[in-house]
Protein chains: 2
Amino acid sequence: MSTDTRDRILSTALELFHANGYSATGVLDITRAAGVPKGSFYHFFQSKEALAVETVKQYQGVVRYELLEKSSQSPLERIREHLAYITKMAEAEHFQRGCLLGNFSNEMPSQSAVVTAVVEQSLTLWTDKLAAAIAEAQAEEEISNRSDPRRLAGFIIASFEGAVARSKVTRSRAPLDGFLETVYSDVLA
Amino acid sequence: MSTDTRDRILSTALELFHANGYSATGVLDITRAAGVPKGSFYHFFQSKEALAVETVKQYQGVVRYELLEKSSQSPLERIREHLAYITKMAEAEHFQRGCLLGNFSNEMPSQSAVVTAVVEQSLTLWTDKLAAAIAEAQAEEEISNRSDPRRLAGFIIASFEGAVARSKVTRSRAPLDGFLETVYSDVLA
């Protein structure tokens, strides 16, 4: 058994959890889709729950928080690039998956305290980085809104999660376009 | 078999879907919790999916859109009462359930087109009523924001859905308080 097999199980699980949810995805679905024997699963992961924790950690890289920190751009430009990136991700998947963190925020609290804790860590990290960029945009007077950057950051992330869930329902960009327009015209204005 | 049995199945299913999600709730879970024989389920409902459609319709009454239409209050007062009501609902359930429409927006698109369609109808109805109240608040100059009321309404509902999901993760009012404060200080200002 190679780490290759482990990686294959992990990336397949991330895809299936993201597309169909945690409850709707069984260990057998994962090993079948990964093309590995079921027995190999428990060689690498204690449980579906332990695997879900790893998928959340992996997903942090997908969301690309680092776009909020690129020093070659102004803070507001970085925020725009980051939000454009995450809305394009949703579009690339034809609005079928939404955001894993939002999906798991809804699903996991009733299923697993351990996975919920790692989702919260990831959302907090994201909020911290967005809040820092908003504070910089305020300091550089790119935006005139003087409200608490952490409150604004938490609100914008929640708004994104709600909008991307709505885009799953409508199968269209419209909720995400409304989100972006309102963020720039009415919140970070 | 009485309509009593049907009502019991329906209200129990609403509770279980709301608390644990659609995939995690089986027909047997529902009939057991309702205290009715499993056979009686199929006397009243063709499938779990058909039942889920009914729970979404039932939930429309729970969210009390009509608070947005009470003519004895100013439009902004009605919006405040409605948003206070739905955040208190989340608190009364100890932040364990979130909003059925938000939960189903995330879960159902990969599970059922029929349920997704009825979720979208319900969200659209809600958006229409909130947009009408925002338009009135603009006309009566209770708020100075002149942005498109429908866009603002869709954004606020998405923000609420994201915030209530986050409150499930944190098991606290904090995300909902941040939502309310930002709506009144930065969006409907």
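## Loops, helices and the contact between chains

Analyst: With 7 C-beta neighbours inside 10 Å, B:E141 counts as exposed. This residue belongs to a predicted model, and B:E141 sits in the loop between α7 and α8 of chain B.

User: Is B:H94 buried or exposed?

Analyst: B:H94 is found in the loop between α5 (75-92) and α6 (100-107) of chain B, and it has a positive phi of about 55° although it is not a glycine. Because B:H94 has 11 other C-beta atoms within 10 Å, it is exposed.

User: How far apart are the end C-alpha atoms of α7 in chain B?

Analyst: Helix α7 of chain B covers residues 113-139, which makes 27 residues.

User: Which helix gives the largest share of the side of chain A that touches chain B?

Analyst: In the contact between the chains, 44 residues of chain A meet 44 residues of chain B. On the side of chain A that touches chain B, α1 (3-20), α6 (100-107), α7 (113-139), α8 (149-170) and α9 each supply at least two residues. By class, that side of chain A has 15 nonpolar, 21 polar and eight charged residues. The largest share, 15 residues, comes from α8(A).

User: How many of the 22 residues of α8(A) are buried?

Analyst: The end C-alpha atoms of α8(A) are 31 Å apart, which agrees with the 32 Å that its 22 residues should span at 1.5 Å a residue. A residue is buried if 20 or more other C-beta atoms lie within 10 Å of its own. α8(A) is mostly covered, and the number of its residues that are buried is 20.

User: At what angle do α9(A) and α8(B) pack?

Analyst: Residues A:P175, A:G178, A:F179, A:E181 and A:T182 of α9(A) meet B:R151, B:L152, B:G154, B:F155 and B:A158 of α8(B). The residues of this contact between α9(A) and α8(B) divide into five nonpolar, three polar and two charged. α9(A) and α8(B) are roughly perpendicular to each other, because angles of 65 to 115 degrees count as such. Their axes lie 9 Å apart, and the angle is about 100°.

User: Which residues does B:T170 touch, not counting residues up to four places away in sequence?

Analyst: B:T170 lies in helix α8 of chain B and is partly exposed, with 17 other C-beta atoms within 10 Å. B:T170 and B:Q96 are 74 residues apart in sequence, yet 9.9 Å apart in space, C-alpha to C-alpha. Leaving out residues up to four places away in sequence, B:T170 touches A:E120 and B:P175.

User: What relation between chain A and chain B follows from the superposition?

Analyst: Chain A can be laid on chain B by a turn of 180° and a shift of 0.0 Å along the axis, with an RMSD of 0.0 Å. That is the relation of a two-fold axis.

Methods: Residues numbered from 1 in each chain as written. Chains lettered and ligands numbered in written order. Predicted model: local features only at pLDDT ≥ 70, side-chain atom pairs only at ≥ 80, totals over all residues. Axes fitted to C-alpha atoms, helices over the stretch in contact; angles between N-to-C directions. Helix = DSSP H or I, 4+ residues; strand = E, 2+ residues; numbered from the N terminus. Parallel < 35°, antiparallel > 145°, perpendicular 65-115°, else oblique. Contact = placed C-beta atoms within 7 Å. Nonpolar A, V, L, I, M, F, W, Y, C, P; charged D, E, K, R; others polar. Expected span 1.5 Å × (residues − 1). Buried ≥ 20, exposed ≤ 12 C-beta atoms within 10 Å, placed from the backbone. Least-squares fit on C-alpha atoms with pLDDT ≥ 70 in both.
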